[in-house]
Amino acid sequence: MRARFTEIFVTSFTWVSGLLFLSAAFTVIGFLLVKGIPALSVSLLFGETAPVDVFLLRRQVLTGLFPAIAGTCLLVILAVGMATPVGLAAGIYLAEYGRGSLKNFFSLFYDILAGVPSIVIGLFGFSIAIILHRYVNDIYPCLLISALALALLVLPYLIRTTQFAMESIPSKIRLTAPALGATKLQNIVYVLFPRSLPGISSGIILAIGRCAEDTAVIMLTGVVASAGIPGSLLSAYEALPFYIYYISSQYRDAAELQTGYGAAVILLVICACLFLVAFYLKNRLIERMFYSR
Amino acid sequence: MKEIISSNIKIKTVNLSFNYGRLSVLKDISVEFPECSISAIVGPSGKGKSTFLMIFNRLWETIPGARMEGEAFIRLKNKWINIYDRSVSLPDLRRSVGTVFQTPNPLPMSIFKNISFPLKLSGVKEKQIVDKKVESALKQAFLWEEVKDRLNEDARSLSGGQQQRLCIARSLILDPEILLLDEPTSFLDAESGRIIEDLLLSIKERCTILLISHYMDQIRRIADQVETFE
């Protein structure tokens with residue numbers, strides 16, 4: 001009787017927890033959509049500038065969100081682009097080559113890095129910018145420094161997801177290629193890495209989300225309220241999460257606050273698009289590696 | 001140790017012992033297996049039969065705590081080699097000594113890519129050669145007629161028996177001199193098992209086969225020599 005009660009209790013508790021999470025997510029997204037969608041308009045993106053002129057880079061957008069969108073996209077692409085090769089390589093090292101105490105040491109180090117608060121990573125990026133500025137006069141906090149700091153922030157996730165994805169491959173598959181005469185590297189390239197792609201891509205998707213939403217790091221390393229579309233890697237830039245933070249803390253009227261909701265909706269859409277791109281690339285890669293003749 | 005190795009011996013072990021940590025699984029085993037024959041290895045579970053097979057492809061070396069003593073020789077291209085000699089390259093050894101596991105292990109690729117995979121690993125690129133070898137390996141494994149029109153399909157869509165023949169074909173494509181099979185029919189129905197038995201009988205002229213089996217009737221049907229581990 002008691003065992004049966006526990007059974008029912010645990011089952012319903014897991015169900016309720018699942019539903020609770022789902023409803024929380026729907027509430028937040030629904031709230032944002034209701035508040036944000038009315039704010040969406042061409043002028044929210046481009047201000048008083050004609051969109052055609054913006055795309056041809058003839059005129060700067062002064063009041064719209066377009067520079068922030070461009071800044072966020074560039075930031076995500078740069079940061080994830082820098083972190084991914086390093087993260088995958090380090091993950092492969094941990095899963096396939098690292099042994100004994102050296103492996104434990106690296107694992108501990110990555111775990112510590114994963115636990116560092118993003119504001120501290122931001123401070124680190126800021127210090128790097130200051131140190132570099134002493135030697136090169138042109139370097140201030142900028143897009144490149146932000147991207148580097150964000151890459152550092154997401155690196156531990158990428159390393160760990162790669163490592164776990166590769167380590168969880170069953171030994172039946174792990175031994176297949178060596179039994180057919182594969183070298184260790186061939187086994188990794190042709191079997192183990194492709195097999196881990198689904199796990200690895202979920203790590204990359206998490207990293208994309210983290211880079212797109214992070215405010216603490218970029219606040220200290222180069223984001224500003226008004227900079228226009230960044231002209232180079234060494235210029236200051238705008239970003240959506242910073243805009244949302246800035247507007248929500250110092251809005252002057254309801255209409256301005258509304259643009260903050262609009263920006264949040266745009267940020268969600270950008271994240272969704274980046275996820276879809278990552279998902280599509282993963283499927284194409286698996287298709288090419290395994291099935292094309 | 002016998003001083004003279006007779007001419008038709010293909011595989012030979014001398015005072016072979018094997019431990020997993022403190023657990024001793026093989027003790028002081030000296031056996032010989034003749035070439036172009038099917039040798040069955042029988043005995044109760046846990047007596048080191050699978051470990052014994054792994055001596056010859058050296059796949060046990062990635063298992064932590066595993067340790068081997070003694071020597072193992074095989075005759076490749078009519079030359080005796082000590083397979084634990086430093087000069088032996090593992091990929092080369094495993095191309096000459098094919099392995100088929102208990103559960104079929106097709107890679108998540110098309111049938112064609114599975115069969116041609118060992119060629120890719122050894123650097124054979126010419127499409128004509130690859131196509132020809134794939135066809136010949138599939139024919140040797142009695143699988144060609146069943147899959148010739150669906151070579152681009154996922155290999156995992158095949159039935160269990162077909163998957164196991166696919167794995168045998170994949171091992172045969174490199175023309176190995178020795179084929180190790182670890183209970184290859186234990187997950188298959190009787191009919192599929194019989195096809196694999198016929199297939200083994202048809203390739204034993206080219207290939208020395210070591211086969212672990214639990215089925216006495218299977219051993220009676222196809223084995224030329226029986227080695228019992230107990």
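This is a predicted model: local features need pLDDT of at least 70, side-chain atom pairs count only at pLDDT 80 or more; totals for chains, interfaces and linings use all residues.
B:Ser157 counts as partly exposed because its relative accessibility is 42%, where partly exposed lies between buried (under 20% relative accessible area) and exposed (over 50%), with a 1.4 Å probe and protein chains only. B:Ser157 sits in the loop between helix 5 (144–147) and helix 6 (160–172) of chain B; helices (H or I, at least four residues) and strands (E, at least two) are DSSP runs numbered from the N terminus.

Residues are numbered from 1 along each chain as its sequence is written, chains are lettered from A and ligands numbered from 1 in the order in which they are written, and side-chain values use heavy atoms, with hydrogens and water left out.

**Chain A overall**

- Chain A has 13 helices and zero strands.
- The C-alpha trace of chain A spans about 65 × 65 × 45 Å along its principal axes.
- Of the 293 residues of chain A, 43% count as buried.
- A:Leu285 belongs to helix 13 (residues 254–291) of chain A, and its relative accessibility of 39% is why A:Leu285 counts as partly exposed.
- A:Leu285 and A:Thr215 are 70 residues apart in sequence, and their C-alpha atoms are 32 Å apart in space.

**Largest pocket**

- The largest pocket has a volume of about 730 Å³.
- A pocket is defined on a 1 Å grid over the protein atoms alone, as an open set of points with protein on both sides within 12 Å along at least five of seven lines, whereas in a cavity a 1.4 Å probe fits but cannot get out; lining residues have an atom within 4 Å of a point.
- Grid points are joined across faces, edges and corners, and the volume is the space filled by probe spheres set on the points.
- The largest pocket is lined by 26 residues, of which A:Glu96, A:Arg99, A:Arg174, A:Lys184 and B:Thr62 are the closest to its centre.
- Two or more lining residues come from each of helix 4 (66–97), helix 8 (171–174) and helix 10 (184–213) of chain A, and from helix 2 (90–96) of chain B.
- Helix 10 of chain A provides the largest share of this lining, four residues.
- The lining comprises 13 nonpolar, four polar and nine charged residues.
- Ala, Val, Leu, Ile, Met, Phe, Trp, Tyr, Cys and Pro count here as nonpolar, Asp, Glu, Lys and Arg as charged, and the others, Gly among them, as polar.

**Positive phi in chain B**

- Most residues other than glycine have a negative phi.
- B:Cys36 has a positive phi near 50° and lies in the loop between strand 3 (32–34) and strand 4 (38–42) of chain B.
- B:Cys36 counts as partly exposed because its relative accessibility is 31%.
- B:Lys77, also not a glycine, has a positive phi of about 50°, and its place is in the loop between strand 5 (66–76) and strand 6 (79–82) of chain B.
- B:Lys77 counts as exposed because its relative accessibility is 72%.
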